[in-house]
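Hi there,

Here is the structure I promised to pass on. Have a look at it first, and my notes on what turned up follow below.

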Amino acid sequence: MQGATRQGYDFESATRRIAYLVLVVLCAAPFFVTNEFYVHLAVLICLNVVIVGGLALLCRTGQLSLGHGAFIGLGAYVAVIATMRGHWPFWLGAAGGALFAALVAAILGWVILRLRGVYFVLVTFAFAELVRLVMLSWSGLTGGANGIVGIPSATLLGFAFDTKMRFYGLALVTAATVIAFLYAFIRTPTGHAVDAVAENPALAEASGLSVHRIQLMAFTIGSGIAGLGGALLAHYVGFVSPESFNTGLSIAVIIMLVIGGRQSVWGPVIGPLILTPLPELFRGAVQTQHIFYGAALILILRFLPGGLASLLMRMSGDRASH
Amino acid sequence: MDLNALIGQAVVNGLIVGLLYLLMAVGFTLVFGVMRVVNFAHGEFYMLGAFVVYYCVTQLNLPFLFSVVITFVLAVAFGWIVEWLILKPFRHDELNGMIATIGLAMILQNLALMAFGPSPLSMPSVVQGVVHLGSMVIPSSRFYVVAFSIGVLLLLYVFLRYTRIGRALRAVVQDIEIASVQGIRASLFYPFGFGIGVGLAAVAGALMAPLFSVSPFIGAGPLLKAFIVVILGGLGSIPGAVLASLLLGMTESLGSTFLSSGTADILIFAFLIIMLVVRPGGLLARPEQ
Amino acid sequence: MDTLLQVDGISKAFGGLWALSDLSFSVSCGEIVGLIGPNGAGKTTAFNVISGTHPPTSGVVRFKGIDVTGGPPNQVVRLGLARTFQATSIYPAVSVEENLYRGAIAAVDTGLFDQLLNGLRTRAAVARVRENVESVLETMGLVQFRHTPAGGLSYGYQKRLGVAVALATRPELLLLDEPAAGLNPEESAEFGRLLRTLRSNMNLTLLLVEHHMALVMDLCERIVVLVEGEKIAEGRPDEVREDPLVIEAYLGAPE
């Protein structure tokens, strides 16, 4: 229907085809480049897609978490401790990390999700601080301020993801799975319920939907996904410390999500895609870079609240919010 | 030092710290009450206040108290402009307004980093020596900070209670619709309320500048404390902020005297979460919250 | 006739103010009952208590014999008690059809896993929901607007949509909070006809708060009169109209 009524050039579906083509090329490219740095960037982008995707799920219910970094960290630490101390295989450790993060989110969320949105954000901020303090203090388990070094590479069935290129394959598959999950989720009845809760929680509640339960589910799954991202990140970087997962990380995730787009399934792709390589552009002018982030955030919120993804959606004729 | 003196010392230190927290929290809760925005940049105004006073005292050789007044005036003006230029679209848009203030905080902190560099600077202390209260010893500088803080809070109280503008501001905080009906120009009160709120944060930063170092990074700690205070005391409640900040200051002080400071912090957070289960609206919440 | 809703001794205080004092009445299956009273009489508060949105300070609400005092609202709805809001509540950003879909979706109770895989149970549940949406669209006369964004509808149709969303939950008892507010006499009469049709076609019982006296007198079989939180009269429209207490408190001023 879209755009096909005009004779001649169908701009909208052409845009869509080009976008998909670009995506496929971008995904495949790191397998063919020789410069390791680009592969490294690609890995980071994929891991960010996972992490931002987790936050996107929570954001869809109308809540915002300033503690996302803490759940990334919980997943990372649990996975690493399980692998290095407990000698668990990588995949079990990563799953354990994700599940632990989800469990903590479930408990915390059950307590605090009945708070008004604003209180919820404040408490996630405070909770993230608490987690950081625990990571610092419990040095017997976590290595304290020094963190844990020498994390072995991820291995699956004997195959070691010890080169950047190999890990990129793992990261890409994980990112694609998360996006596919989001895509499917949005279309389920629960996905529609989530949109209802975000747009008019009182009406949703009056229609038989439990706002609390839906937000809790999104918070739990989204934080679990963050934990998974953290586990992967830990095995890639080879090192974790409490400062890696502080509020700065939570804010960075929010920036990627808001600029990418909170409403669309492509937001968690576009945000990391554009923002992860950005430090390169600024060539070490860190302050200018952060000022740019702050300004971009405000401008997007003001003029393009749906993020860059909404721009893309408009150009490709997608009138639905997905 | 015997136990009583130790406790006494901790209590006094706690009250001092609590007063600073109160200054931060009152401004924070005022901004929320007026605009329904959680101001993430609040800590950066604290930081800027410290820098202004540093500059006034060390570069312009102005007296300390006068510099604090200048800081307040500049902060109110700056806050007014910022609200009007940047935050206006987000009035009453709680979620997006909050995210916008995150952006604002990043801009302010990094501008400060570019202008002043990351190294901490130290200001000469306002007064030297110590004050003896019974068997307790308090550095005079802290004592003066307490005196100034109490002075500022009293001025604020008088302003809110007895001046026409102050009463109007309180009315806006309590219920903006009713306030509009009473003819109060709500649109003027947004930048004004924001200005006063961040002005208080700047004053807190200015008062603390001689006690601790001044750097672009000093805003984060007070911001967190302001969060805790308003969670405990209830967002938008000034009496709640009073109770909660003093409680927090004392708990921190007693906690770090008798336990390690890390443990004290963890306990505070745990208490916070328990509080939220029991009384989600804050310590002084009405049951209908 | 069975009692569908039993309100027993409901009192509700806000701070020192008693919004409701010892309110008791009942609604039987298939009735259309009106709740009237001057502004501030506590009618919306009564709705909030009955629907579980606000717990009462004391008293009991029984729906189909089940104690539903205190809610939570979403569970009360699942039992079959739905309500509309005084300020029209819809989802303005999405289409009319999507509005109804969201209203009906609570009926799908398959797990997320089954939903993600679009399993058989989910597909069956969704099909039932789609049928439900279709029938509500038709009954409420909204078929031609199915793709229109709800925010773009006229005021009258938005109100209608608000009722439709409540209907999508397939209630047995529907609480309507000032459904005719802002409607002119003609629209109001048409709305009354619609409500009667709903009552018979969908086996619905109606309890409405209204100020449009003409609509109330014409539509309701029984009327409960609330003044300052207290019930001062109850009965058939002609009885209530003659009641001196009611005339004094309320109907004295021509509507």
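Helices here are DSSP runs of H or I with at least four residues, strands are runs of E with at least two, and both are numbered from the N terminus. On that basis, chain A has 15 helices and four strands. Please keep in mind that this is a predicted model.

Chain A first. Its radius of gyration is 20 Å, which agrees with the value near 20 Å for a compact globule of 322 residues. Along the principal axes, its C-alpha atoms fill a box of roughly 70 × 55 × 40 Å. Of the 322 residues, 56% count as buried. Among the contacts in chain A between residues at least 6 apart in sequence, 77% join residues at least 24 apart.

One helix to look at is H15 of chain A, residues 307–315. Its buried residues are A:Gly307, A:Leu308, A:Ala309, A:Ser310, A:Leu312 and A:Met313. What covers them includes helices H1 (11–28), H11 (247–260), H12 (267–275) and H14 (286–303) of chain A. After H15(A) comes A:Gly317, with a positive phi near 75°.

Now chain C. Where they meet, seven residues of domain 1 are in contact with four residues of domain 2. On the domain 1 side, helix H7 of chain C (residues 185–201) gives the most, with three residues. By class, that side has three nonpolar, two polar and two charged residues.

Best wishes

Conventions
Residues are numbered from 1 along each chain as its sequence is written. Chains are lettered from A and ligands numbered from 1 in the order in which they are written. This is a predicted model: local features need pLDDT of at least 70, side-chain atom pairs count only at pLDDT 80 or more; totals for chains, interfaces and linings use all residues. Two residues are in contact if their C-beta atoms, placed from the backbone, lie within 7 Å. Ala, Val, Leu, Ile, Met, Phe, Trp, Tyr, Cys and Pro count as nonpolar, Asp, Glu, Lys and Arg as charged, and the others, Gly among them, as polar. A residue is buried if 20 or more other C-beta atoms lie within 10 Å of its own, exposed if 12 or fewer, and partly exposed in between; C-beta atoms are placed from the backbone. The radius of gyration is taken over C-alpha atoms; the globule rule is 2.2 Å times the number of residues to the power 0.38.
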